[in-house]
Amino acid sequence: MKKIRKGDDVIVIAGKDKGKRSTILKYESDEHVIVQDVNKVKKHVKPNPNKNVTGGIIEMEKPIHISNIAIYNFSAKKADRVGFKLDESGLKVRYFKSDGSLIDS
């Protein structure tokens, strides 16, 4: 089970976009994620009429390593660490390490 999942609100803790808060769009691999409006680069694209690509300069998000982001705790208004514990019904749930509140509820 992953500590940070798709759709989680995260904050960038290292790199050129340090301090930005955003959401995880998707996992590229086990250690790289694409975060909305973070690590944006400009890419020059050749036109390809067979694939309906117009070409030009496009802006896109590139993957960022998972060690450079942390989950954002809205109650504490800061980056936090994630832990796992069993709830009353025996399900494994995620919680914030700083205050113990549940993430998934």
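Asn 73 belongs to strand 7, where strands (E, at least two residues) and helices (H or I, at least four) are DSSP runs numbered from the N terminus. Leaving aside residues up to four places away in sequence, Asn 73 touches Lys 78, Asp 80, Phe 96, Ser 98 and Asp 99, a contact being heavy atoms within 4.5 Å.

A word on the ground rules. The model is a predicted one, with local features needing pLDDT of at least 70 and side-chain atom pairs counting only at pLDDT 80 or more, while totals for chains, interfaces and linings use all residues. Residues are numbered from 1 along each chain as its sequence is written, and side-chain values use heavy atoms, with hydrogens and water left out.

Zooming out, the protein chain has 0 helices and 10 strands. Its radius of gyration is 17 Å, well over the 13 Å that the globule rule gives for 105 residues, so the chain is more spread out than a compact globule. That radius is taken over C-alpha atoms, and the rule is 2.2 Å times the number of residues to the power 0.38. Along the principal axes, the C-alpha atoms fill a box of roughly 60 × 30 × 20 Å. Buried residues account for 26% of the 105 residues in the chain. Among contacts with a separation of 6 or more, 38% come from residues 24 or more positions apart. The accessible surface of the chain is about 7200 Å², and carbon and sulfur atoms own 50% of that; areas come from the Shrake-Rupley method with a 1.4 Å probe, and for residues only the protein chains shown count as cover.

Six strands make an open sheet in the order 6-3-2-1-7-8, with antiparallel pairing. At the edges are strand 6 (64-65) and strand 8, each pairing on one side only. Two strands pair if DSSP finds at least two bridges between them. In general, strands of a sheet pair through backbone hydrogen bonds, either parallel or antiparallel.

Strand 7 (residues 69-73) has 5 of its 5 residues buried, so this strand is largely enclosed by the rest of the structure. On one flank, strand 1 (residues 9-12) runs antiparallel to strand 7 and is joined to it by 3 bridges. Within that pairing, Val 10 stands opposite Ile 71, and Val 12 has Ile 69 as its bridge partner. Strand 7 also pairs with strand 8 (residues 78-80), again over 3 bridges in the antiparallel sense. Here Tyr 72 stands opposite Ala 79. Strands 7 and 8 form a hairpin with 4 residues between them, and Lys 77 in the turn has a positive phi of about 55°.

Turning to the rings, the structure holds 1 aromatic pair. The partners are Tyr 72 and Phe 74, with ring centres 5.0 Å apart and planes at 85°, so the pair is edge-to-face. The cut-offs for Phe, Tyr and Trp (its six-membered ring) are centres within 6.5 Å, with planes under 30 degrees apart counted as stacked, over 60 as edge-to-face and the rest as tilted. Tyr 72 is buried at 9% relative accessible area, whereas Phe 74 is partly exposed at 46%.

Two lysines sit over tyrosine faces: Lys 2 over Tyr 27, at 3.8 Å from the ring centre, and Lys 85 over Tyr 95, at 4.8 Å. A charge sits over a ring if NZ of Lys or CZ of Arg is within 6 Å of the ring centre and within 35 degrees of the ring normal.

Elsewhere, Lys 40 is found in strand 4 (residues 40-45) and is partly exposed at 32% relative accessibility. Not counting residues up to four places away in sequence, Lys 40 touches Lys 16, Asp 17, Glu 59, Met 60 and Glu 61. Lys 40 and Lys 62 are 22 residues apart along the chain, with their C-alpha atoms separated by 6.3 Å. Asp 87 sits in the loop between strand 9 (82-86) and strand 10 (92-96), and is partly exposed at 24% relative accessibility. Between Asp 87 and Leu 102, 15 residues apart in sequence, the C-alpha to C-alpha distance is 9.6 Å.

Key:
Buried means under 20% relative accessible area, exposed over 50%, partly exposed in between (1.4 Å probe, protein chains only).
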